Amino acid sequence: MKHAVVDDERLVERGPGIWSLCEPFKLLGASFGRRMVIVSRNGLTGVFSPNQDLKRTMDTAFGESFQVDCLIAPTAFHDTYFAEAVSSYPDAKRLVSAAFPSGVDDTAEIHQSWPDAWKETLIPFAIDGMPKIQETVFFDKETSTLVVSDLFFNFDENWDLWTKTFTRMVGAFGEPRMSRLFRLCIKDKKALKKSMEPLLELPVENILPSHGKVVLGSGRSVLFGLYERV
Ligand SMILES: [Fe+2]
């Protein structure tokens, strides 16, 4: 059996001040994995979609005194370890999607409370037209990298048979594609497309999606392809 091909089962540096780690995660038996991204810019470190046992990951990679300034849950129904991360880093700012289920105290909405230090360098873009999801994607200027949660999956022949079958069933196999599950949540296609248009203007090279393979180099064409297929 082939194994899921990700190069970041351990923390991998994706460029200066940006790291990713994809930990195993199964959905209905399929090897979806889930990728966490860490970005340090202008003196602040943010963790997007914290993994299970974030503290141990951070301590091992950066040392116990390393500070996490912001914990970020970019979308609904995705960040199952957020509360655990909050208890490990109680002083970190908790920035969440407006659709993120409550259960964690003192959260702030991403766009209303985005740190000033990041406004020009780590830029949030809301994906509209999906009120139950309200995903935000983030462009890291310094490395021309886009951080994405569920906007698309990226699975191909290198995954195990059931994962290939499952992702094919949900219309998200072979190349970066929006899954049928994600599409079911679209309430306003026009608004969704309009909100994607600013992304097409960005010099995106790499994309770090939560599920599947990392996109290296072809970020812009991936975004154009997604936009055309909405
Ligand atoms: Fe997800």
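Which residue in strand 5 does Ile18 stand opposite? I looked it up: Ile18 stands opposite Val39.

**Ground rules**

I am reading a predicted model, where local features need pLDDT of at least 70, side-chain atom pairs count only at pLDDT 80 or more, and totals for chains, interfaces and linings use all residues. I number residues from 1 along each chain as its sequence is written. My helices (H or I, at least four residues) and strands (E, at least two) are DSSP runs, numbered from the N terminus. I call two strands paired if DSSP finds at least two bridges between them.

I traced an open sheet of seven strands in the order 1-2-5-6-7-8-9, with mixed pairing. At its edges I found strand 1 (12-15) and strand 9 (107-109), each of which pairs on one side only. Neighbouring strands are turned by 25° against each other on average, direction ignored. For such angles, axes are lines fitted to C-alpha atoms, for helices over the stretch in contact, and the values run from 0 to 180 degrees between N-to-C directions.

I then went along the sheet pair by pair.

- Strands 1 and 2 run antiparallel and are joined by three bridges. Val12 has Ser20 in strand 2 as its bridge partner. The two strands make a hairpin with two residues between them, and Gly17 in the turn has a positive phi of about 75°.
- Strand 2 pairs with strand 5 (residues 34-41) over six bridges in the antiparallel sense.
- Strands 5 and 6 are antiparallel too, with five bridges between them. Arg41 finds its bridge partner Leu44 in strand 6. This hairpin has two residues between the strands, and Asn42 takes a positive phi near 50°.
- Strands 6 and 7 run parallel, joined by three bridges. Gly46 is bridged to Cys70 in strand 7.
- Strand 7 (residues 70-73) and strand 8 (residues 93-96) pair in the parallel sense over four bridges. Ile72 has Leu95 as its partner in strand 8.

Is strand 2 mostly covered or mostly uncovered? Strand 2 (residues 18-23) is mostly covered, with five of its six residues buried. I count a residue as buried if 20 or more other C-beta atoms lie within 10 Å of its own, as exposed if 12 or fewer do, and as partly exposed in between, with C-beta atoms placed from the backbone.

**Entry: Glu109 on strand 9**

I checked Glu109, which lies in strand 9. Glu109 counts as partly exposed because it has 15 C-beta neighbours inside 10 Å. Leaving out residues up to four places away in sequence, Glu109 touches Val96 and Ala98. Contact here means C-beta atoms, placed from the backbone, within 7 Å. I also took the C-alpha separation of Glu109 and Phe48, which are 61 residues apart along the chain: 14 Å.

Strand 11 (residues 136-140) and strand 12 (residues 145-147) run antiparallel over three bridges. Asp140 has Thr145 in strand 12 as its bridge partner.

Most residues other than glycine have a negative phi.

Asp53 has a phi of about 60°. Asp53 sits in the loop between strand 6 (44-48) and helix 1 (54-62). With 15 C-beta neighbours inside 10 Å, Asp53 is partly exposed.

Gln134 has a phi of about 45°. Its loop runs between strand 10 and strand 11. Is Gln134 buried or exposed? Gln134 counts as buried because it has 22 C-beta neighbours inside 10 Å.

**Entry: helix 6 against helix 7**

The axes of helix 6 (residues 189-200) and helix 7 (residues 219-229) come within 10 Å and cross at roughly 165°. The two helices are therefore roughly antiparallel to each other. For that label, angles under 35 degrees count as roughly parallel, over 145 as roughly antiparallel, 65 to 115 as roughly perpendicular and the rest as oblique.

Which residues make the contact? Helix 6 supplies Lys193, Met196, Leu199 and Leu200, while helix 7 supplies Leu223, Phe224 and Tyr227.

Notes:
Contact = placed C-beta atoms within 7 Å.
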